[in-house]
Every structure is written in structure tokens, then in C-alpha cells.
Amino acid sequence: HIDGIINWIESLVSSGVAYSVGHDLYFDVSSAHSFGSISHLSGQEMLALFAERGGDPTREGKRSPLDPVLWVSSKPDEPSWTTSFGVGRPGWHIECVAIALDHLGGTLSVQGGGRDLIFPHHEMCAAQAVSSRRATSFATSYMHAGMVSLDGHKMSKSLGNLVFVSELCAAGTDPMAIRAAILSNHYASDWEWTRASLEGAVSRLDLWRRALAMQAGADGLSVLQQIRLSLSQDLNSPAALAAVDRWADATLAGDESDSTAQGLVARALDSLLGLAL
């Protein structure tokens, strides 16, 4: 993808929003009028995260401490390509802009990722895409997932503190319980994986299965509507699961007013939440 990335950088140079510092090329964030509209962070918050996540806010010669590198001169042991703006390699953000928009075209419908990508990565991608004059915007909607922790620390490959679905399943854990445990947390919230949360999901599914085994139950159409409403509100999966809890409780308490409820609820769980019971 290097040729495509170079073309995007050349667009930024032609637009007058790129400048040199030594043998490196930087993007002028002040050229992007909407800069900050994704992260909604203050200047100090941006500076702290920029330094923490690979930026170089203290480099002398930059117009702004927040300006990200577009093209960096390579050290002798690093990959490099020869271009009109020097021998080197591309910066992180412009790589993603070029690859995404060259393959998907125009503006992305949804840009997703972990919450730690909001700034600087997604903010910088959007700024560079628009300032290149080759895109009106980078993405229409953004969805950022919360961080998942284990024993008080964020799960990460570098730390190796990961829980694998394959290992849980190999140990005999019901895959639907794993999925229910995950869905009990809103996708945008930070949460912690615990044995207790998995055990709670197992108990929840046991409740639902007992209700689904009845010949009739509480109003099925109502719970379907509640699941749909919850998911339409920023994929509020915890609220959707709670609606099924209420239906199961009512059914097991003796409400058998709907003879079609079990089939309807089972299909809703499968098609809307991926829980095949």
C-alpha cells in the first residue's frame, strides 16, 4: 500500500497542510477546522494522550505540539522507501486513511475500534482525510468499545493477561454463557471479566431455558419490542437482557397468557442477540 499512502501524503503537501522538520514531514492540525470534534478533549488532555500514545509533542521546529508525523526518515535498520519528500516510511495515521479510503471509497459509514483509538488515531485520521481535499469526512459514525480488564489490569497482548474463548469452550463452558456475559456490559463501557460474571451468565441462561421450556408464557411480542428498542438505543445490550429476565420471571411466576411466546422469544434471542437457546 506504500504507493497509495505516498499519493495521499502528496495530496496533503499540495494542499499546503504539510511541512518539513529536518528530514521528516508533519501534518498541520490547525488546517483541520473540525479537529477535536471526535474526541471532545481539551488541549491539555490531547497533549497528555499524544505523548503517551506515540506522539512527539516536545520536538523543536513543529508548528504545534500536536502535529503528527506523515513521513519519517528511517534509521539504517528500518524499512524505507524513496519519495520526493525523502527516504523513509509513513506515519501511523496516514497509513489507515489511505488504506481504508482507497479500498472502501469516499466516507466510511462506521469507524470502530477500542476507546483508546479515539485520540490521537481516529482524530488524526479524520483531520488528514478532510485536509487532503480528497474526502469530505472520514466517517459518518464512530463506535468505540470500552476496555476489558482482568484482575484489575487492562487485557492486552503485551501483558499476556488474556482470556480465550477457545480455552473456555475446551474446558466445557457453554459458548452462549460466554456471549451472555459479554452482552451484559455495554460495548462502550469499561468492564472486567470475572469468574463471577460468567457464573451469573450461566444462572441467567438457566432461568431463560426454564421459561422457554414452558408451554406458554408472558407476552412475547412485548419482550421482542423491548429488545428491539434497547438495541436501537446505541446497542444497549444490558437493557435487552434485562427485558428477557423480566419475561422469564413473569413466565415462571405463572403468567402463561401467550401460547406463542416461547417460540417468539427464542427466535428474538437468536436473531437479535446471537444467543441460540
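Mentor: Apart from its neighbours within four places in sequence, Ile-94 is in contact (heavy atoms within 4.5 Å) with Ile-5, Trp-8, Ile-9, Leu-12, Leu-70 and Gln-128. This is a predicted model, in which local features need pLDDT of at least 70 and side-chain atom pairs count only at pLDDT 80 or more, whereas totals for chains, interfaces and linings use all residues. Residues are numbered from 1 along each chain as its sequence is written, and side-chain values use heavy atoms, with hydrogens and water left out.

Ile-94 is one of the residues with the most contacts inside the largest nonpolar core, together with Val-97, Leu-101 and Phe-138; this core has 36 residues. A nonpolar core is a set of buried Ala, Val, Leu, Ile, Met, Phe, Trp, Tyr and Cys residues joined through side-chain atoms within 4.5 Å. Buried means under 20% relative accessible area, exposed over 50%, and partly exposed in between (1.4 Å probe, protein chains only). Two or more residues of this core come from each of α1 (2-14), β2 (24-27), α2 (43-52), β3 (69-73), α3 (92-104) and α4 (118-131). Helices (H or I, at least four residues) and strands (E, at least two) are DSSP runs, numbered from the N terminus. The largest share, 7 residues, belongs to α4. A second, separate core of 35 residues includes Ala-181, Leu-241, Ala-243 and Val-244. In soluble globular proteins, nonpolar side chains tend to be buried together.

Helix α4 also contains Pro-120, which a cis peptide bond with omega of about 10° joins to Phe-119.
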